[in-house]
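Here are my notes for you, written as a colleague's numbered points. Please have the coordinates open as you read.

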Amino acid sequence: MKVLIVDDHALIRDALHAVLKQLKREAVIFEASNSRQAMQIVEEHPDISLTLLDINLPDRDGFSVLRELRDRYPTVAIIILSSSDDQDTVKRAFKLGALGFIPKTTEREVMLNAIKLVFSGGIYIPSEILEETTSPQLTNKPAAHDSLKGLGLTDRQIEVLGLLMKGKSNKSIANILNMAVPTVKNHITVVLKALNVTSRTEAVIKVGKMGWELPPKSES
């Protein structure tokens with residue numbers, strides 16, 4: 001397991017290094033303080049599994065680095081680090097292919113769980129971002145459930161969506177719901193089409209705006 005940390009602050013790199021070693025003691029960790037070093041390391045080690053990328057780099061806009069990494073190394077999972085957690089920044093990061101967004105104010109334990117989630121194939125969206133998109137007056141599970149059914153989704157597909165909202169990977173969803181992984185993929189394809197979105201992340205954000213609470217039977 002190879003991981004790259006890209007941040008111009010040595011203290012943050014040290015903290016992330018410690019978190020990663022706690023999560024994966026055998027991980028090989030590379031560090032870069034700017035985009036030029038980062039791209040050089042990725043070129044030398046194209047088998048890097050995960051990159052933790054600061055969005056504010058001294059030599060280049062982090063979003064352009066994210067875009068280039070997604071284009072050139074599509075198998076590398078990327079988590080964005082940022083001192084800003086406004087919705088526009090978060091949405092832009094996910095639209096460009098990030099699989100996680102961690103504000104730098106995040107507590108160590110939460111950061112650890114976020115990285116663990118992405119390692120396992122899930123997507124991490126800060127809970128405060130989802131809370132911001134959810135109006136308290138709309139937090140009505142039956143109404144939201146009915147609106148999802150109104151999109152033509154079956155109860156099973158809504159269950160899959162519930163687990164999707166929790167960042168579960170296809171394999172985890174298959175295990176929890178006792179179905180084959182290809183079946184899960186088919187359900188997700190239908191869900192994305194019904195919601196008129198193109199990615200899991202867009203689906204999570206859109207359903208969050210609907211104020212839908214996770215159904216109890218989707219708990220694991």
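The points below go from the ground rules to the strands, the cores and the charged side chains.

1. **Ground rules.** This is a predicted model, in which local features need pLDDT of at least 70 and side-chain atom pairs count only at pLDDT 80 or more, while totals for chains, interfaces and linings use all residues. Residues are numbered from 1 along each chain as its sequence is written, and side-chain values use heavy atoms, with hydrogens and water left out.

2. **Strand β3 and its cover.** Helices (H or I, at least four residues) and strands (E, at least two) are DSSP runs, numbered from the N terminus. Five of the five residues of β3 are buried, where buried means under 20% relative accessible area, exposed over 50% and partly exposed in between (1.4 Å probe, protein chains only). The cover reaches both faces: L50, L52 and D54 are buried on one side, T51 and L53 on the other.

3. **Partners of β3.** Two strands count as paired if DSSP finds at least two bridges between them. β3 pairs with β1 in the parallel sense over four bridges, and there I5 has L52 as its bridge partner. β3 also runs parallel to strand β4 (residues 77-82), with five bridges joining the two; L50 is bridged to A77.

4. **A closer look at T51.** T51 belongs to strand β3 and is buried, at a relative accessible area of 1%. Which residues does T51 contact, leaving aside its neighbours within four places in sequence? They are L4, V6, L69, V76, A77, I78 and I79, contact being heavy atoms within 4.5 Å.

5. **Nonpolar cores.** A nonpolar core is a set of buried Ala, Val, Leu, Ile, Met, Phe, Trp, Tyr and Cys residues joined through side-chain atoms within 4.5 Å. The largest one has 49 residues, of which L4, L53, L69 and I80 touch the most other members. Helix α8 gives this core its largest share, six residues. A second, separate core of 21 residues includes I29, I79, V118 and Y124. As for I80, its contacts beyond four places in sequence are L53, I55, L66, A93, A98, G100, F101 and I102.

6. **Salt bridges.** The whole structure holds eight salt bridges, each a side-chain nitrogen of Lys or Arg within 4 Å of a carboxyl oxygen of Asp or Glu. D47 and K2 form one, at 3.2 Å from N to O. Because D47 lies in the loop between α2 (35-44) and β3 (50-54) and K2 in strand β1 (residues 2-6), this pair ties together parts that are 45 residues apart in sequence. D47 is partly exposed, at 46%.

7. E43, R60, E68 and R72 are linked in a network of salt bridges. Within this group, the closest N and O atoms of E68 and R60 are 2.6 Å apart, and R60 is partly exposed at 28% relative accessibility. In helix α8 (residues 155-165), R156 and E159 are three residues apart, separated by about one helical turn; their salt bridge has its closest N and O atoms 3.1 Å apart. R156 is partly exposed at 32%, whereas E159 is buried at 10%.

8. **Charges over rings.** A charge sits over a ring if NZ of Lys or CZ of Arg is within 6 Å of the ring centre and within 35 degrees of the ring normal. The charged end of R92 is placed over the ring of F63, 4.0 Å from its centre. K24 lies over the face of F119, at 5.4 Å from the ring centre.
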